[in-house]
Amino acid sequence: MNEDAELAIEAVRRYAAALERIRSRLLDAYPDFGCILDLMVAVRHTQVLAREGKSSTGIEYSVHGAGCRMTDEQGREVDVDLVDGIEAFDAWRIKWFLDEQSDARPSVEELGRACSYLSRLGELREVRVGRWHGLPER
């Protein structure tokens, strides 16, 4: 494995760890919610939450088109879309995250290959082949 591939794999792992941490903290503020879909329903259908807000755990959220962007107190942003009912991300979302966080900036193509590789290892799951990935099922 070459150095660029290794950088991309580590970048995807950083994104996945940030997503897991930020998502968990957001959902901790809403004990009745088990997933981001529940948050989106609370915004769009039952309208008990605003489209944009800040949780009691300090995580800002913004419900958009097909998903939700979440930002922690340090400004780290992660974004997921609902794809086939699963919280998913693509290489572009990881690239956006990296552009804010690090000098190491693998290409979108390298990040996509890294996501597929990590899916084969079971560290991610492939929601749609070659395009959408998600955190592994727990």
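Okay, let's start with a term: buried means under 20% relative accessible area, exposed means over 50%, and partly exposed is in between, with a 1.4 Å probe and protein chains only. By that rule R125, with a relative accessible area of 25%, is partly exposed.

Now, housekeeping. What we have here is a predicted model, where local features need pLDDT of at least 70, side-chain atom pairs count only at pLDDT 80 or more, and totals for chains, interfaces and linings use all residues. Residues are numbered from 1 along each chain as its sequence is written, and side-chain values use heavy atoms, with hydrogens and water left out.

A salt bridge here is a side-chain nitrogen of Lys or Arg within 4 Å of a carboxyl oxygen of Asp or Glu. How many salt bridges does a search of the whole structure find? Twelve. One of them joins R125 to E137, with the closest N and O atoms 3.3 Å apart. That pair links distant parts of the chain, since R125 is in strand β6 and E137 is in the segment after β7, twelve residues apart. E137 has 64% relative accessibility, so E137 counts as exposed.

Next, R25 and E73. Their closest N and O atoms are 2.6 Å apart, and they form a salt bridge. R25 sits in helix α1, residues 3–28, and E73 in the loop between β3 (67–71) and β4 (77–83), so this pair ties together parts that are 48 residues apart in sequence. Both ends are partly exposed: R25 at 26% relative accessibility, E73 at 45%.

Then there's D90 with R131, a salt bridge whose closest N and O atoms are 3.4 Å apart. D90 is in the loop between β5 (86–88) and α3 (91–101), R131 is in the loop between β6 (125–128) and β7 (132–134), and the two are 41 residues apart. Is D90 buried or exposed? Buried, with a relative accessible area of 4%, whereas R131 is partly exposed at 42%. These two also belong to a network of salt bridges that links R69, D79, D81, D90, R93 and R131.

On to the aromatics. Rings of Phe, Tyr and Trp (its six-membered ring) pair if their centres lie within 6.5 Å; planes under 30 degrees apart are stacked, over 60 edge-to-face, and the rest tilted. The structure holds three aromatic pairs. Among them is Y15 with F97, edge-to-face, at 5.3 Å centre to centre and 85 degrees between the planes. Y15 lies in helix α1 and F97 in helix α3, so the pair ties together parts 82 residues apart in sequence. Y15 and F97 are both buried, and ring pairs link Y15, F89 and F97 into a cluster.

A29 is in the loop between α1 and α2 (36–44), and at 17% relative accessibility A29 counts as buried. Which residues does A29 touch, not counting residues up to four places away in sequence? S55, S56 and T57, where contact means heavy atoms within 4.5 Å. A29 and S56 are 27 residues apart in sequence, yet 5.7 Å apart in space, C-alpha to C-alpha.

S119 is in helix α4, residues 108–121, and is buried at 14% relative accessibility. Leaving aside neighbours within four places in sequence, S119 is in contact with L124, R125, E126 and H133, which brings us back to R125.

Methods. Helix = DSSP H or I, 4+ residues; strand = E, 2+ residues; numbered from the N terminus.
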